[in-house]
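Please walk me through this protein model, with attention to its aromatic rings and its surface.

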Amino acid sequence: MTVLTRPTSNTENRLASRFILGFLGTAVFMCVYSTQSILPELSRDFHASAVAAGATIGATTLAMALMSPIMGLIADAVGRKRVLVATLVLLAIPTLMAGFSGSLQELVLWRFLQGLIIPGITVVSMAYVSEEFPRDRISYMLAAYVSGSVLGGFLGRLVSGVVTEHFGWQSAFFVLGILNLLGAALCYWMLPQSRNFVPQRKVGEALKSIQGHLSNPKLLTANTVGFFTLFSLTGLFTYVNYHLSAAPYHLGPATLGFLFCVYLIGMVITPLSGKWIARLGNSKALTLAMVTSSIGMLLTLTPSLYTILLGLVLASSGVFVAQAAATSYVAAHAKYARSLASGLYNLCYYGGGAFSTVLVGYMFTHFGWSGAIFTLMGAQVVAASVANWGWRH
């Protein structure tokens, strides 16, 4: 007997693909910045400075930077879906163990191990999109992934802040670890297998691919832009927590967690950025995004909490659009060994985030919030200048 099934339209396929890509971004980025909203709490519990507690962010982003090219090589040899699912399962282990940390150094270690695993999502997702979708759809699909990462960044900070205020920061890691396992199950069930993946397992070919990517000026420019893009976002949202937990604001962990509701604005803007990038071009879209973000950062220097919130909305939204412009540029111009190209981009991107926790932390400690802001704005000027010079020529 023939079983009749309703054919799935291309529109439905695209919507399902955008959903699962957005979900992957959500699942992994719940862990990346989960300690930002509880940094003042960690400083008090461990009697640590802002820079020392900020290492719980810097260690994760540094590990992500170091592991990204290696994960690119692994994914180009092994495949896509199996790496994505395995990443979420393995990520649950250090996430759960972080809740048992007895010292700040131990917590930093578990956060570093989280960062070593996370590139299994951040690197492979970009390669998956560039292989499975036509070039004119890449910016739309990556915008969905970035939107998911925005949601994950918000939920991770919110969950950590709310759980910490009521049950302690240790419980926050237990909750996030369980969510990682649930995410792995959903990804295994819903994510389609790769259809266009071609394994690359010869070491000689891999080395040639590295050399080719490093000699590609388009990709090198995009990597530089990525460095300064995450530099500005990480520095802003790491140390604004100390700024707002001090006088005259005195915000607690839960309130700081809800502060990241500004990220949800990015969920609206980032999907639309696919159209803007396609219409304006990557360099113009990124420049406009960085100008908007810098205006937002200036607004955070005012004493009004509401104006600061508006500034955070503009600053984060601009960075999200810039991130979508840079990642879509890499995906469109990497013609081979795409996971490796994505890995090299993430090496620079998350390297910028790790470096930001140190440099911006130093500027904040010695020159206050204004010192941190002008450092971040300088990074955005560099990113826009590099994009305009490199992507146009």
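Phe-355 is partly exposed, with a relative accessible area of 42%, where buried means under 20%, exposed over 50% and partly exposed in between, for a 1.4 Å probe and protein chains only. The model is predicted, so local features need pLDDT of at least 70 and side-chain atom pairs count only at pLDDT 80 or more, while totals for chains, interfaces and linings use all residues. Residues are numbered from 1 along each chain as its sequence is written, and side-chain values use heavy atoms, leaving out hydrogens and water.

The structure holds 13 aromatic pairs, a pair being two rings of Phe, Tyr or Trp (its six-membered ring) with centres within 6.5 Å, stacked if the planes are under 30 degrees apart, edge-to-face if over 60 and tilted otherwise. The rings of Phe-231 and Phe-355 have centres 6.0 Å apart and planes at 40 degrees, so this pair is tilted. Phe-231 lies in helix 10 (residues 217-245) and Phe-355 in helix 15 (residues 338-390), so that the pair links parts of the chain 124 residues apart, helices being DSSP runs (H or I, at least four residues) numbered from the N terminus. Phe-231 is buried, with a relative accessible area of 3%. Ring pairs also join Phe-227, Phe-228, Phe-231 and Phe-355 into a cluster.

The rings of Tyr-349 and Tyr-350 have centres 4.8 Å apart and planes at 85 degrees, and the pair is therefore edge-to-face. Tyr-349 is buried at 4% relative accessible area, and Tyr-350 is buried at 2%.

On the surface, Leu-288, in helix 13 (residues 282-299), is exposed, with a relative accessible area of 51%.

Note on methods
Helices (H or I, at least four residues) and strands (E, at least two) are DSSP runs, numbered from the N terminus.
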